[in-house]
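Please read this briefing alongside the sequence and the 3D view.

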Amino acid sequence: MLLAVIVNRAAMALVTLAGVAVIVFVLLRVVPGDPVAMMISPGAGPADIAALKAHYGLDAPLLTQFWIWINGVVTGDFGTSITLHVYVTDVLASRLPATIELALMALFVAVVLGGSIAVVGTLLRRTPGEAAIDGLNSILLAVPDFIWALALVLLFAVAIPVLPLTGRIDPALAKGFHTRFYLAESILTGRFAVAGNILSHMTMPTLALALPLAAVIVRLLKQSLKEAMVQDYVLLARIKGFRELRLVLQEALRNAVGPTLALTGVQFTFLVGGTVIVERIFAYPGIGNLAIDAVINRDFPLIQGLVLLFGLIFILINIAVDLMVASLNPRLRHA
Amino acid sequence: MEHWSLASKASAPDSDPQPPSVGARLASDPKVVCAGGFIVILIVLAVGAPLIAPQDPLAQNLLMATVPPAGFAGSEPGFLLGTDGLGRDVLSRVIFGSRVSLTVAFVAAGLACLIGSVLGLMAGYLGYVVDMLISWLVDVWMSFPPVLLSILLIAVIGTGLHSVIAAIVIIDWTRFCRVVRTETRSQAQMDYVVAARTIGFSRPAILFREIFPNVVPVLIALLTLEMGIAVVVEAILSFVGLSVSSDTPTWGGMIAEGRQIVHEAWWVLAAPLAALFATVVAFNQLGDGLARSLDPVLRR
């Protein structure tokens, strides 16, 4: 059954990606605005422009361009970035790990934070404490990552200047890495001072991305927990004399977590989307920040590569969510 | 045919004690009153900006650069919220900035609502092929993550206020379409629609005079929430310089400038950020309150 889900999803993913590829390609070719105009120096003549167009393959017919491009994509070659003058694949590969570390860290923080508050709220149900959590959360639900990020800048960079405002790591420490997964590598190789430096850089962007998701988790999980707490099996456990915290964590949580997991997966795609602006605010060198530069510079090959990469990430997240939900649902698992 | 509607008659039961009217219910919800009041004040500020703003929002005075807000050491009279790096009055710029934010909120959300509702009504009421086509379109559309779509759109249609509005409409009409379609479908099953059909009302008459008024409550709440989203999207695009040109004051643009000089003049960032925060929360709370007061299911 799980295998069927995977195969089905993978097939759909391929179709979607192909669609995205075609749409992106066509959209970017029909626009007014010549990418070559961005590159030429003021003294360039028509011959130089033609040479440049030929160099980037922009002089060929649209279908030929698409054929060349799609052939490249299949073999992992997205062309050369017009502004950075390096292979798109190389740029993406060097920037992606930073975004992966940030997004996963934010997901982790959101789940831990949202989960704990939901449990506390359930323990405090029908008290002023629950009302306070609900009231605060209804406001937090409205606040997007963009506002969080800037509020954190005001708080931790100006009012209590304890955190670095920009970047991913102190440049002096960014040496001797074998991979681009700086945080994971520094922890695995035991360079904890470096890891600490990276974490201090990641704190603000992580919180900005995690807090909106945490608010969503609090609302849904607390609702499910409260519903579970009045079920018979919880009553039975209570009669057995289990403490309230154990009732929530061991009895209710296991049965209440399903819907929240599914929603968290969907919301995680929004979180990944949010990296675009949050990375920008903190000058964090990931693919989100790169995407804004690519749009501002009309760097078509890079935009195409980025859109496909984001598309792939979203699809992978959705597949992972489906698999998780399927494997948690006993009826699906054993069918 | 007279101007009476079966729907309104059907929805006024005479057995129960008269429930409080929608207006009374809204007026007694502190959320709705506070949030609605804030937005009304904001609209007044935006419309009357030239009369209300204490200074010219574009007037530079380099001798008065980065003056702190009133109450802080070094503040100057006449600059309640201080000045920015070019000596422009922050308060006046925040007031003028509300114009772009509200324009985008109302125009973009309104257009998205209009397009989404018309398609949603058609899909929900006509059914069959139309429904299949529109629903398929919505599904495909929604599988495109909003960030991707907005990056692509801005890359394609270029920057500026019109592009921002177009991008929001193109991305978010689906929210309205999906909700309106579902609502229309469930309304179309109701007895009053069957009755109207039996009497011989034409299809457009049933759709717009009978069904649509019953979809409106859901739509209003959704529209209000969408306005909050539109305000944030505009601020983000202004922040990265993809919205209106930099000589028009916008909250996003001010935030970007304030972010650059945050260590020297935190108020240049704090003031527009506070305005943005309050506006977003207000639209959201108003939408929540409206949804609860207007939605017959949530109301119970």
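In this predicted model, the axes of helix 9 (residues 191–199) of chain B and helix 10 of chain B cross at roughly 145° and come within 11 Å. Their crossing is right-handed. Two packed helices are described by the angle between their axes and the distance between the axes.

**Helix 9 and helix 10 of chain B**

- On the side of helix 9 of chain B, the contact is made by B:Tyr192, B:Val193, B:Ala196 and B:Arg197.
- Helix 10 of chain B brings B:Ile206, B:Glu210 and B:Ile211 to this contact.
- By type, the residues of the contact of helix 9 with helix 10 of chain B are five nonpolar, two charged and no polar.

**Helix 3 and helix 12 of chain B**

- The axes of helix 3 (residues 30–47) of chain B and helix 12 of chain B come within 8 Å, with a crossing angle of roughly 135°.
- Because of that angle, helix 3 of chain B is oblique to helix 12 of chain B.
- The crossing of helix 3 of chain B with helix 12 of chain B is left-handed.
- Residues of helix 3 of chain B that meet helix 12 of chain B include B:Val32, B:Ala35, B:Phe38 and B:Leu42.
- Among the residues they meet in helix 12 of chain B are B:Ala282, B:Phe283, B:Leu286 and B:Leu290.
- The residues of the contact of helix 3 with helix 12 of chain B divide into ten nonpolar, five polar and two charged.

**Where chain B touches chain A**

- In the contact between the chains, 32 residues of chain B meet 35 residues of chain A.
- Helix 7 (146–157), helix 10 (203–239), helix 11 (251–260) and helix 12 (267–294) of chain B each give two or more residues to the side of chain B that touches chain A.
- Which helix of chain B gives the most to this side? Helix 12 of chain B does, with nine residues.
- The side of chain B that touches chain A has 24 nonpolar, six polar and two charged residues.

**Chain A**

- Chain A has 14 helices and zero strands.
- The C-alpha trace of chain A spans about 85 × 55 × 40 Å along its principal axes.
- Of the 335 residues in chain A, 37% are buried.
- Among contacts in chain A between residues at least 6 apart in sequence, 75% join residues at least 24 apart.
- A:Gly311 is found in helix 13 (residues 300–328) of chain A.
- Is A:Gly311 buried or exposed? A:Gly311 has 22 other C-beta atoms within 10 Å, and the cut-off for a buried residue is 20 or more, so A:Gly311 is buried.
- A:Gly311 and A:Phe270 are 41 residues apart in sequence, and their C-alpha atoms are 12 Å apart in space.

**Confidence**

- The model scores ipTM 0.82 and pTM 0.84.
- Chain B has a mean pLDDT of 82, and 90% of its residues reach 70 or more.
- Among the elements of chain B, helix 5 (residues 90–126) of chain B has the highest mean pLDDT, 91.
- Helix 1 (residues 6–10) of chain B has the lowest, 47.
- Over residues 1–15 of chain B, pLDDT stays under 50.
- For residues 1–15 of chain B the model has twelve contacts beyond four places in sequence.
- Where pLDDT is low, the predicted coordinates should not be read in detail.

Notes
Residues are numbered from 1 along each chain as its sequence is written. Chains are lettered from A and ligands numbered from 1 in the order in which they are written. This is a predicted model: local features need pLDDT of at least 70, side-chain atom pairs count only at pLDDT 80 or more; totals for chains, interfaces and linings use all residues. Helices (H or I, at least four residues) and strands (E, at least two) are DSSP runs, numbered from the N terminus. A residue is buried if 20 or more other C-beta atoms lie within 10 Å of its own, exposed if 12 or fewer, and partly exposed in between; C-beta atoms are placed from the backbone. Two residues are in contact if their C-beta atoms, placed from the backbone, lie within 7 Å. Ala, Val, Leu, Ile, Met, Phe, Trp, Tyr, Cys and Pro count as nonpolar, Asp, Glu, Lys and Arg as charged, and the others, Gly among them, as polar. Axes are lines fitted to C-alpha atoms, for helices over the stretch in contact, and angles run from 0 to 180 degrees between N-to-C directions. A crossing is left-handed if the near helix is turned anticlockwise from the far one by less than a right angle, and right-handed if clockwise. Angles under 35 degrees count as roughly parallel, over 145 as roughly antiparallel, 65 to 115 as roughly perpendicular and the rest as oblique. pLDDT is the predictor's confidence in each residue, from 0 to 100.
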